[in-house]
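Here are a few friendly notes to read alongside the model. They take up the chain contact and then move on to domains and aromatic rings.

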Amino acid sequence: MEFFETLTTALEALKLNKMRTALAMLGIVIGIGAVIALVSLGQASQQTVQTQIQSLGSNMLTVSPGAQNSGGIRGASGGGTTLTNDDAKAIASSTQITTVAKVSPELSRRAQIIAGRNNENAQILGATPAYADVRKVTVSSGRFLSQQDVDGMQRVAVLGPTAISNLFPSGASPIGQSIRISNISFRVIGVTTSKGGTGFMNQDDIAIIPLTTAQKLVFGVNYLGSISIEAKSADVMNQARDQVGYFLLARHKITNPYQADFSIFSQEDILGAATQVTGTFTMLLSGIATISLLVGGIGIMNVMLITVIERTREIGLRKSLGARDRDVVSQFLAEAVILTVVGGFLGMIIGVGLSYIISSLMGLPFTLSLSAVILAIGVSGAIGIVFGLYPARKAARLSPIEALRFE
Amino acid sequence: MAGANATNYGRPIIQVSHLSKVYSNDSVETVALADVSFEVREGEFVAIMGPSGSGKSTLMHILGALDTPTSGTYVLDGKNVGQLSRDELAAIRNKNIGFVFQAYNLLPRTTALKNVMIPMAYARVPKTERLKRATALLDRVGLGDRIDHASNQLSGGQQQRVAIARAMAMNPSIILADEPTGNLATAQGEEIIAIFQDLNDQGHTIVMITHEPYIAEHAKRTVFIQDGRIVKDTDSHTSKRAFVQKEH
């Protein structure tokens, strides 16, 4: 039979049993829909994480206090007290270090912030004016911290937009208002521009106060949480990392670099780690989606097998009228492929719609993964052929009279 | 035996020799055909009679290339059917033989016209030609006004006439009919037989299984089968009639 005619015959057969056709298709619709939606969402979150990390500054190095060994027990990385204000000052003023533009000593903890009847738990960051340069922070109203604020241990705070909306829900200007952090009164002097992000990644739920105030008044410590360093350009990142590293080793009188009491990360390191995490996540989601696709495919094979059994008499009849094996195979194969391709197309529409809805609900950018769409359509076509071929061949091999006698 | 049947008909078109068919089912062997040899010549109208389970349907299926014998040879129009490929067998079923079943075997929920066009689709006859031929054939069997009726909306007699039109679709030289009137009332059955008679008059070779002696009367020759063997073969109208009168 001619190709077009085979298609028409297959379509007519599918129309004759609408319910079965719909149910078989449903498996593929769900499978393909899940693949496209999950992969697109995974890629969207990957993209979000990347842009967030890049918005922190692309030529930034972070020095964290390293794990400390005390009596053979290795403490948690970043929990140490080995970085001091003097370290930061020395890095900034050293003549040996030629590749560093700005140095921002930081101390960050979480604490309760109270403003009138409202309160929230936010990140409290002790910083210097250099923070704004290194981390690319701008203010949307008011001003950022000044050197005078730091030197004078002023009780002033710059709040992130999320903190503002939590603490001052009325919408009145918060500049000049008073807030309390750990029972110490602060005056709001500025609001930062939104950097975006949600949940644990929120860079906008923050109160930035002078480093000196944070160390002495609020947290009562004299060490730093981290030192952010801006290299002069992205090209000298590795050089800057080496210079800062050897400088600090010398300052801390450590000869073996493997016993350093600090560690240095670049944005690239963090980006790499985050991309790996979200990449793994995307892979996991795709894996789950692939399984559902496989189940859908088995559903199709099931339906095709049942169809073959149900229509054994029809096959016998067609063979007795002169249908060759390949006529029978192509008819049933065409039915299976139509099922999967139409199902795949519907699944694609549903998957794209679903990822659009979910990404807008979760505040993620909507990305359509072209590779996922191509993969899904390719896979659904392949499923149709693979899972349709077996029942189709089975049908074709029957002798006409065996098929006709089938009850 | 073939020599004894030699009459004024044309060349032999069906030649079977020492044909047997054994069904094995869980160590139980059932012999459906045992060493059957005979010949049908072009233009003959042969009735095959015999009790149920005598093997006549099995013989018919082998003649129609729907089934294969356990042993023996079947030569159709000079071709040894046992040596043909699956595709060549399909082509024989398509072009050389028109098969009419007792149960009509039309595609349900499909129009009479489409049913008749099926064999032509497998032969890749052009669409317009198919339509023309199928319409003419349905007209010829008296269903010109019902070509767009779904097969299950037709009466038994009408369905069998569609089936005959379908068997004629590729204008085969041989028409095999397995009890074509078995499911029909006598009046309808007679109409069907008239069509076969008409086809035979036009030169088609017809082999037909029947239970009804009055139908066998239309045939020019009757072959009696019992327990898988040919027990009697008449090659002239008169001798067959004599046999029937003796039996009843």
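1. The contact, meaning heavy atoms within 4.5 Å, takes 27 residues from chain A and 23 residues from chain B. This is a predicted model, where local features need pLDDT of at least 70 and side-chain atom pairs count only at pLDDT 80 or more, while totals for chains, interfaces and linings use all residues. Residues are numbered from 1 along each chain as its sequence is written, chains are lettered from A in the order in which they are written, and side-chain values use heavy atoms, without hydrogens and water.

2. About 2,400 Å² is buried between chain A and chain B, with carbon and sulfur atoms giving 51%. Buried area here is the accessible area (1.4 Å probe) that two parts lose on being put together, summed over both.

3. Between chain A and chain B there are 4 salt bridges (a side-chain nitrogen of Lys or Arg within 4 Å of a carboxyl oxygen of Asp or Glu). One of them joins R130(B) to E5(A), with the closest N and O atoms 2.2 Å apart.

4. Which helix of chain A supplies the largest share of the side that touches chain B? That is helix 10 of chain A, with 6 residues. The residues of this side divide into 10 nonpolar, 4 polar and 13 charged.

5. The domain assignment, automatic or from a database, gives chain A domain 1 (3-52 + 275-405) and domain 2 (83-260).

6. Over all chains the count is 2 aromatic pairs (ring centres of Phe, Tyr or Trp, the last by its six-membered ring, within 6.5 Å; planes under 30 degrees apart are stacked, over 60 edge-to-face, the rest tilted). Y131(A) and F144(A) form a stacked pair, 6.4 Å centre to centre with 10 degrees between the planes.

Conventions: Helix = DSSP H or I, 4+ residues; strand = E, 2+ residues; numbered from the N terminus. Nonpolar A, V, L, I, M, F, W, Y, C, P; charged D, E, K, R; others polar.
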